[in-house]
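Let's take a walk through this structure together. Have a look at it first, and then we'll go through a few of its contacts.

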Amino acid sequence: MNGWEILIPGFCGMGLHLKMDGFRMVYTAIAVLMWGVAGVFSREYMAHYKNKARYYIFFWATFLATVGVFLSADLYTTFIFFEIMSFTSYVWVAFDERAESLRAAETYLAVAVIGGMVMLMGLFLLHDVLGTLDMDEIGPAARAVLAGRETFESGQAVHVAGGFGSAKAQLYVAGGLMLFGFGAKAGCFPLHIWLPKAHPVAPAPASALLSGILTKAGVFGVILVSCVMFGSDGAWGLLIAGLGLVTMFLGALLAVFSVNLKRTLACSSVSQIGFIMTGIGMSCLLAWSGEGNLLAVRGAFLHMVNHSLIKLVLFLCAGAVYMNLHQLDLNDVRGFGRGKPALCFCFLMGALGIGGIPLWNGYVSKTLLHESIVEYAHLLEEGALAGEAVGVSPALLPVLTNPSVWKAAEWVFLFTGGMTVAYMVKLFVALFVDRHPDRQAEFDEMSSHYMRPLSRAVLVGAAAILPVLGMAPHLTMDRLADLGQGFFQGVGHAHAIHFFSFVNLKGGLISIGIGAVLYLAVIRQFLMKPGKAGGRDYANLWPVWLDLENLVYRPVIEKALPGICGAVCRSFDHMVDGLVVLARKTVCRQLPEPKTYLEGNWLGHVLGAFVDNWLLLWDGLTGKRKKGDPRGSAVSRFIDRERRIKHMGELVEQSFSFGLMLACIGLCVTLGYLLASFYYGM
């Protein structure tokens, strides 16, 4: 789908460039659906809040910014809307202005701002290397740089501006900086710290959007960097796949330990972003191997879509719980869902979808992702990748070409899927099977009025989409994948996938079995403790100190970084003082000053003599001073004051001269850098 393009020249200097194609159309439609459902649900959820107007202003401002990100046709436009989206969504996290909300919002804003600034540095460097930020041009230009050519497919010259280091190295640095910025918003490890803290404190409709689609704006950028710029680069594919595997496993592990309903769903979002990142990495590796990568491409895109729709449903179900109980701890909300079939249906559809259960949408995308790992391992076993033909660093070859490594990656994938099943079973059992030891009768009385009919209708409608997509994957999900795969720069031809054959069902069944074992043997046995009336309560056994933000990021940013910068600045200050002292003791040695100063201009002598005579006359008239009493001359005092004033003026003059000298040195260094850049650019 070619679609349309809109160019608004001159906006913020470089103009705005918007475009519509298959991928953008799908995610614009998803944004409209998610904001529509969340907006309807917000009418009930926000009814008792005082600052509803503020919420809705930033609710729709974030919608426009998010759609702007997905419609952007160049990275400058992406950056503009990306930053607007970050600042408008900050209000969601800080909305209720409680201490924990403000702290979570502080973390969210810090990650967003630092990530945005790092991304901007990457865009500067990318434009310097390629001469363009247009998404249709950066792919061919980047491939030309990686191949060492001076032109790309259209015959246009690659613009490699002056600088130090090779253009290929600069391109990798630019890609790394952009990956940092986009990965921070996506929630990729190790920049995932904002997700588990922002979601529990934000209003539930906002949490659904933060998890379901704002993280996908970050994934959108990761796709651009990985699939468009480094689409067939093995080293880059290994980096993205490795980050994806770590992110998916860590997020699922945190979710297993969590006992807060929304925090568990937030950690689940981290894990699902890991699944998507793994698919993006596998698409790069399969393209690098020379084989088609459409399994990974279609799996990554469909899992983006599925995760958006699933988290919309699950977070709104959590919102229905919170707006009735104003609590999220599983021990406090257990049993709330009993006798509420609509809520049970919606939550069950989301849980089955995200768990990868056959006949639900999550199974389809996870099957494609799993098969992409299996396909790459199979290629390695067949010896399709010859070590001497691989254009990557020899240090990476043992990882890239070892089938055992990717067999292990497959088991990490399956085990993480099992953890997903385990923590979703934990949530479902807590809400709909367990009974509250004290308040169950109160919960049962809410069965008829816990949610308004309109909110219930839109939530049930959104949940019904999930099994429809999963039960007819060839009619629904294959067509969605056909629309979106072009944006990923997929190579090869898509072949029909028999999703419900035993070979493909086997991976899902293994994860389900692992999940059952983890729930029964780990969660029920080790992550629960004796509670009231002989029952068992959910226990949060995750070590409090094992928090990446408090353990690493805050100490580094708040203590270590200011201390290091202060030490560096003090050392430079002392160095300059030392140079001045050295100069005064050597080439600019200062003569010793006389103890008395008789010199001075005529004004000092005249004023001093006048004061002396006046005091002498006064003493004679008053008789206060006896004859022979000593009195110092005022002349020396005036001269001494004159000397001090002159000395202060000299110090000011010397300081100003020293500042001019430093400015001159800085200009000379800058001129030297420009000349060197011009020389190397030639």
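What follows looks at one pair of helices and then at some salt bridges. Keep in mind that this is a predicted model.

Start with helix H16, residues 403-432, and helix H20, residues 502-526. Their axes sit 7 Å apart, and the two pack at an angle of about 55°. The helices are therefore oblique to each other, and their crossing is right-handed. If you want to find the contact, look on H16 for residues including Trp411, Phe415 and Tyr423, which meet a set on H20 that includes Ile510, Leu518 and Arg524. Sorted by class, this contact of H16 with H20 has 15 nonpolar, 5 polar and 2 charged residues.

Now for the charged pairs. Side chains of opposite charge can pair when their charged atoms come close. The count here comes to 11 salt bridges.

One of them links Asp434 and Arg334, at 3.4 Å from N to O. Asp434 lies in the loop between H16 and helix H17, while Arg334 is in the loop between helix H12 and helix H13, so the pair ties together parts that are 100 residues apart in sequence. Both Asp434 and Arg334 are buried.

Another salt bridge joins Glu442 and Arg439, at 2.8 Å from N to O. Glu442 counts as partly exposed, at 34% relative accessibility, and Arg439 is also partly exposed, at 22%.

Then there's Arg98, whose salt bridge with Glu100 has its closest N and O atoms 2.8 Å apart. Arg98 is partly exposed, with a relative accessible area of 33%, and Glu100 is partly exposed at 46%.

Notes
Residues numbered from 1 in each chain as written. Predicted model: local features only at pLDDT ≥ 70, side-chain atom pairs only at ≥ 80, totals over all residues. Heavy atoms only, no water. Axes fitted to C-alpha atoms, helices over the stretch in contact; angles between N-to-C directions. Helix = DSSP H or I, 4+ residues; strand = E, 2+ residues; numbered from the N terminus. Parallel < 35°, antiparallel > 145°, perpendicular 65-115°, else oblique. Left-handed = near helix turned anticlockwise from the far one by under 90°. Contact = heavy atoms within 4.5 Å. Nonpolar A, V, L, I, M, F, W, Y, C, P; charged D, E, K, R; others polar. Salt bridge = Lys/Arg side-chain N within 4 Å of Asp/Glu carboxyl O. Buried < 20%, exposed > 50% of the residue type's maximum accessible area, 1.4 Å probe, protein only.
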